[in-house]
Amino acid sequence: MRHLLSVLLENEAGALSRVIGLFAQRDFNIETLTAAPTEDETLSRLTLVTTGDDRTIEQITKHLNRLIEVVKVIDLTDNEHIERELMLVKVRAEADARTEIKRTCDIFRGQIVDVTVNTYTVQLIGPTDKLLAFIEAIGTSRILEVVRSGVSGISRGTKVLSV
Amino acid sequence: MTEMLSGGEMLIRALHEEGVEYIFGYPGGAALHIYDAIFKQQAIEHILVRHEQAATHMADGYARSTGRPGIVLVTSGPGATNAITGIATAYMDSIPMVVISGQVPHDVIGTDAFQETDMIGVSRPVVKHSYLVEEAARIPHIVKEAIYIATSGRPGPVVIDIPKDTTDPNELFEYDLPDSIELRSYKPAIKGHVGQIRKAVRALLESKRPVIYVGGGVVQGNASSELCSLAHKLNYPVTNTLMGLGTFPGTDSQFLGMLGMHGTYEANNAMHHADLILAVGARFDDRVTNNPSKFCPDATIVHIDVDPASISKVIAADIPIVGQCKAVLAQMLKNLDEELNGREIDSEPIDAWWEQIDSWRESFGLDHGLHKAESGSGKLLPQQVIQVIYRATEGKAYVTSDVGQHQMFAAQYYRFDQPRQWINSGGLGTMGFGLPSAMGVQFAHPHSTVVCITGEGSFMMNMQELSTCSQYSLPIKIVNLNNQALGMVKQWQDMQYGGRHSHSTYADSLPDFVDLINSFGHVGFRAETLPELEEAVELAFSDKHRSDLVFIDALIDPDEHIYPMFVRGGAVNEMVLNKYD
Ligand SMILES: Cc1ncc(C[n+]2csc(CCOP(=O)(O)OP(=O)(O)O)c2C)c(N)n1
Ligand SMILES: [Mg+2]
């Protein structure tokens, strides 16, 4: 099962490497990881996408909590939540293909953020499956480069992750 | 008035104010400012070791025998990396320790400077936490926080890596040690959940075939007296892990002995047939569970541990309780009284269970494997050596050990009645641990008898510390169960590799241990027969040698195996009981 974990971490040098080290050391899987400071600059917020059965996820959560710099951990997938990922895709866009690419972009609510004589750079925001669907729709043969930010998530409603 | 001190001075001052008596260390360039600060004071005694690994094991032995954190000081680069094995050893057994490593100055960090190693990176997987000192003024705070983290919750080693510029004697700072430490991200559990405690007590009372399975968490958590009260009140059988020995008296009739790979027949059978297991401060290590899928098929598992990550890691707990062993057991005792409300515990089912256990005990109990001695091969047996030591020390010595057959013989045959009496590397299984840890114990308890039961292979991994023992006049008694081989390896090769002894023997190249010991100014005896051993032991523990380090080279039967031993991949009660059956 795929899980989205949100972690509040002390914004200190070396803290992130402990999180990553833990996953490597205990053979836990990380699909994506995002990290940046929050409105409170002493804290970083991480979103981790991982997969595993309930036992494994429980162990991941417990071991994250065991790290001294981890302030809080929640599993967003336990409740309703919003997840978004940003993707930049550079595609080959010869004159005769441009209309078609634009149309696909519109369908996925992507934006063309850079244009050259024979390329487009498309920016897309959404849940991971939407981004993957876009790649499929455009066709890998047309794609020159893909950059994904990894997933960020937040719970729906009034539920808040804070200290 | 605040005092102005250098970083090096603040470090030593803070350690002293936190109650530190000893630093075990070894100097080098990056640590020299700190060494100069040590030179200028008397409050803390620095012990000069001969190898940094040994310093960590000394601090570890000090910590295991007192419950107070062991402190280590090493230089950068090779000093730091030499300390890693000892840090990992402490980490696996949850031992409170603070390791201070010198580091190259900030302005050259990252340039592959002379003796630069990324100590924070190298130690990360084997520490509870670590600090790279950025500002000298923070040193007292970091020391206090490091000790707090090392000793609270599930204890463990903490590294403080100190770049040389932050200990510069010419740069002075206001010394400010905080009164207490408050961390928003670290709040170790204390009491257990009341509802879970009630459930656990009811399950205990309903059980017909209970076993209390106790690990090192009860040693570290000083919970032995609560444990004994609970076990005695219920009259339930108790087994200890290798790390838990001494938490329940080895001489108590309710004690089943150690469980696990080399556990007793009765302990492993009781575990397998139990309908309830109360696990206290134990972590279901693979040397205890054997094949987890066959582990204790009928048992309800109640698991008490201060570390939530230990619970349901290997074996799923039916009633998990997170909290300090001491607090949780006290809660259970209180709840038990309330639950019974003056009523007696129904002893009938327990009587039947005890009958069953006694019959296991009588059929294949510990001495079953000793029949070879009775048949009189004439050779000295390791089991006999431990029994002789046990009698000579009246069961009261601190006993440290190394890793191998000798360790398991010591665990089986010395009956430990007190927690902290038995000191060995259980989790990492570090050969070379025995002598230096005994030294740490002897520093902590200068008037107590400290015995190191070792094997010649393990002993040779840290024997340079015999020189340190001379320097500080440590009267340790070392008993070398000399089978002229890496006995444990050889046994596995006998049992699983058709007797092919690949690189496990070296009989022709061993030193004359008595000469070796003498050359360091210590006393050595050799024993090849039981009478010779008895004589040597009597002398070693006599007043004559009270203040000497005495080494007994006991030449034991090289073919002896340690039994019982788990059948690989089996249930806990599937054991090989001796060489012949
Ligand atoms: C540092 C280290 N290296 C290797 C091992 C693997 N090992 C476990 S027991 C053992 C043999 C120990 O020999 P000795 O100390 O003579 O004890 P004996 O088994 O003969 O009693 C070895 C090599 C270990 N535990 N630690
Ligand atoms: Mg040996």
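**Figure 1. Overview of chain A in the predicted model.** Chain A contains four helices and eight strands, and the model shown in this and the following views is a predicted one. Followed along the sequence, the elements of chain A come in the pattern β-α-β-β-α-β-β-α-β-β-α-β. The C-alpha atoms of chain A occupy a box of roughly 55 × 35 × 35 Å along the principal axes, and 25% of its 163 residues count as buried. Among the contacts in chain A with a separation of 6 or more, 72% are made by residues 24 or more positions apart.

**Figure 2. Close-up of helix H4 of chain A and its surroundings.** Leu131(A), Phe134(A) and Ile138(A) are the buried residues of helix H4 (residues 128-138) of chain A. Viewed down the axis of H4(A), these buried residues fall within an arc of 55 degrees, so they line one face of the helix. They pack against strand S5 (81-92), helix H3 (98-107), strand S7 (119-126) and strand S8 (143-155) of chain A, whereas Asp129(A) and Glu136(A), on the other side of H4(A), are exposed. Just after H4(A), Gly139(A) adopts a positive phi of about 95 degrees.

**Figure 3. The interface between chain A and chain B.** Here 15 residues of chain A are in contact with 13 residues of chain B. On the side of chain A that touches chain B, helix H1 (15-25), helix H2 (54-66) and strand S4 (70-75) of chain A each supply at least two residues, and the largest share, five residues, comes from H2(A). By class, this side of chain A has four nonpolar, five polar and six charged residues.

**Figure 4. The shell of residues around ligand 1.** Ligand 1 is surrounded by 19 residues, of which Gly404(B), Gly455(B), Gly457(B), Ser458(B) and Gly487(B) are the closest. Helix H16 (405-413), helix H18 (456-459) and helix H20 (487-496) of chain B each contribute at least two residues to this shell, and the shell residues divide into seven nonpolar, ten polar and two charged.

**Figure 5. Backbone details in three loops of chain B.** The peptide bond from Tyr563(B) to Pro564(B) is cis, with omega near -5 degrees, and Pro564(B) lies in the loop between strand S20 (550-555) and strand S21 (565-566) of chain B. Asn235(B), although it is not a glycine, has a positive phi of about 55 degrees; this residue is found in the loop between helix H9 (224-234) and strand S10 (238-240) of chain B. Ser473(B), likewise not a glycine, has a positive phi of about 50 degrees, and its place is in the loop between helix H19 (466-471) and strand S18 (477-482) of chain B. Asn235(B) is partly exposed, with 15 other C-beta atoms within 10 Å, whereas Ser473(B), with 12 C-beta neighbours inside 10 Å, counts as exposed.

Methods: Residues numbered from 1 in each chain as written. Chains lettered and ligands numbered in written order. Predicted model: local features only at pLDDT ≥ 70, side-chain atom pairs only at ≥ 80, totals over all residues. Near = placed C-beta within 6 Å. Nonpolar A, V, L, I, M, F, W, Y, C, P; charged D, E, K, R; others polar. Contact = placed C-beta atoms within 7 Å. Buried ≥ 20, exposed ≤ 12 C-beta atoms within 10 Å, placed from the backbone. Arc of directions from axis to C-beta.
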